[in-house]
Amino acid sequence: MGCVIFSKVIGLCRKVLSGVSKKSSANRSTGALAVETIPREQHNVSRTHMSVNAIKVLNRLNRHGYQAYLVGGGVRDLLLGHHPKDFDIATDATPEQIKDLFKNCRLIGRRFRLAHILFGREVIEVATLRGHHQENSTDSLAKQNDNGMLLRDNVYGTIDEDAERRDFTVNAMYYDIKDYSIKAYGGGLQDLENATLRMIGDPATRYKEDPVRMLRAVRFATKLNMTISEETRAPIKELAPLMKSIPAARLFEEYQKLFLSGKALANYKMLHQYRLLESLFPLSAELLENNEGGKEDKLFQLVCSNTDKRIANDQRVTPAFIIAAFLWYPIEVHAQTLMTEAGLNDYDAMMVAMNDVCDAQCRSVSIPKRFSAMARDMWNLQLRLPRRTGARAFKLLTHPKFRAGYDLLLLRGEIEGGEAAELAQWWTTFQHANETVQRDMVRKLGGPRGRRRNPGKGSR
Ligand code: ATP
Ligand code: MG
């Protein structure tokens, strides 16, 4: 039934889109960016598919004489018959005027100041329409660095100017609460119909203003099944190093959107193709570079596709898991260097390597403590899971992160075969066996005191 509704919506949308494209040239404005206005009766975006709270905000702004538009992904996704992730609103009210209208409003952001209207767990984001900056402005409203990167973007303007400041044409669509019409800029409707992701303005300039737009290009291409247009795609590889200037905290948010939204595998491949993986996981990308198609690539692909499957099955996913898997081989490689160059034993080398790699990673993508702690637990478990004699195996089963550590071992087993695969198999059987069988399995490993290899070391 879901499918029938979905295909109907798409069918309707296609009809609407083809009807509109014929009229579009008549509606073009004289401004830099073409605009087409689609009246309510010619599109399928209905308030019944919108968040009730978003409609409340739109109506209240409108009643107080402000312009109010649902904008961006909300309009794009409704036109496609998808359920939007969130509902963003644009208005000509300033953040302070918005705050005066809503008692449940919080103003946030310095680089890009906007209002959050809170309705329990739902947050409706309301941004004031943005305008153009003066060249090389350094005042308190707008600021760019020497690379053209926007450090502050708080100059307000008209809807036409605002559209020029958005990233892709398919994101520059405004649903007007006043008459329920949609304004689409830069040929966004045709691009939506042709599944083309096209940057507004000169792509290189726009990437320099905000390098995160390169990650967004990848994310939307995979999420919406779109092709990135030639001119939008062309500068990415060369400008990818600009990602280094993005604060690590912002990149953690982008990491989550890229890897925990059901398209991790496709995003991983495309990020690698455009040399953007280096900005998120520099150590992992370096290993890939040196061993294209090797075990690293296989592990990364496997953890991404497993994550996608879990999301498709509505199973829980944690940001820590992919991070732990992506960093496991860099840790092994670094530990090897520490053993040969600093003379550390294998256990100490692994412990130091975990710290070093985690610190280095956090300089690119800052991983909140609770997730880095979980990744560390998972890595530690890779060292502990081979030690199963005596009471150890039973104790490990009760470790709070046993499941995650075991899952990482399973992936390694699948990729590496050999000892890792045997160990993973042993733990699979052990977990599901009754106590008698479990005791027997442990007994078969050797004496209660030690391991068969390296007796004495680490056995206490
Ligand atoms: P989704 O919410 O599904 O990830 P979205 O298009 O709504 O997609 P948001 O990050 O919610 O993306 O942003 C809302 C809108 O704000 C976008 O559609 C786009 O118009 C604009 N926008 C967001 N980030 C940028 C950016 N870095 N540069 C230019 N415009 C942006
Ligand atoms: Mg959104």
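At 9% relative accessibility, S51 counts as buried, because the limit for that class is under 20% relative accessible area. S51 is located in the loop between strand 1 (35-38) and helix 2 (52-63). Its side chain reaches the backbone nitrogen of N53 at 3.2 Å, and that of A54 at 3.0 Å. Apart from residues up to four places away in sequence, S51 touches F87, E122 and I124.

The protein chain as a whole may be considered next. Its 460 residues include 49% that are buried. The secondary structure of the chain consists of 22 helices and twelve strands. Among the contacts in the chain with a separation of 6 or more, 67% are accounted for by residues 24 or more positions apart. The accessible surface comes to about 22300 Å², and carbon and sulfur atoms hold 50% of that area.

The confidence of the prediction also deserves attention. The mean pLDDT of the protein chain is 89, and 88% of the residues reach 70 or more. Two stretches depart from this level. Over residues 18-31 the pLDDT is below 50, and the stretch has 16 contacts in the model beyond near neighbours in sequence. The pLDDT is likewise below 50 over residues 450-460, a stretch with twelve contacts in the model beyond near neighbours in sequence.

Which residues are closest to ligand 1? The closest are R76, D210, R213, R219 and K223, and 17 residues surround the ligand in total. By class, the shell around ligand 1 comprises 13 charged residues, three polar ones and one nonpolar one. Several polar atom pairs can be located individually. A polar side-chain atom of D210 lies 2.8 Å from a nitrogen atom of ligand 1. In the case of R166, a polar side-chain atom lies 3.0 Å from an oxygen atom of the ligand. For R219, an N or O atom in the side chain is 2.8 Å from an oxygen atom of ligand 1. Taken alone, ligand 1 exposes 580 Å², and the protein buries 85% of that area. Helix 3 (73-79) and helix 8 (212-223) are the elements that give two or more residues to the shell around the ligand. The largest share of this shell, five residues, comes from helix 8.

Two further buried positions lie within helices. T307 belongs to helix 15 (residues 295-312). With a relative accessible area of 6%, T307 is buried. Leaving aside neighbours within four places in sequence, T307 is in contact with F259, L260, V317 and I322. D407, in turn, is found in helix 20 (residues 402-416). Is D407 buried or exposed? At 18% relative accessibility, D407 counts as buried, because the class covers values under 20%. The C-alpha atom of D407 is separated by 9.8 Å from that of V303, although the two residues are 104 residues apart along the chain.

A195 has a positive phi of about 55° although it is not a glycine. This residue lies in the loop between helix 6 (188-193) and strand 11 (196-197). Its relative accessible area is 24%, so A195 is partly exposed. R275, also a residue other than glycine, has a positive phi near 60°. The place of R275 is in the loop between helix 12 (264-273) and helix 13 (277-280).

Conventions: Residues numbered from 1 in each chain as written. Chains lettered and ligands numbered in written order. Predicted model: local features only at pLDDT ≥ 70, side-chain atom pairs only at ≥ 80, totals over all residues. Heavy atoms only, no water. Near = heavy atom within 4 Å. Polar contact = N/O pair within 3.5 Å; in protein donor to acceptor, adjacent residues only side chain to side chain. Areas by Shrake-Rupley, 256 points an atom, 1.4 Å probe, with all protein chains shown as cover. Helix = DSSP H or I, 4+ residues; strand = E, 2+ residues; numbered from the N terminus. Nonpolar A, V, L, I, M, F, W, Y, C, P; charged D, E, K, R; others polar. pLDDT = per-residue confidence, 0-100. Contact = heavy atoms within 4.5 Å. Buried < 20%, exposed > 50% of the residue type's maximum accessible area, 1.4 Å probe, protein only.
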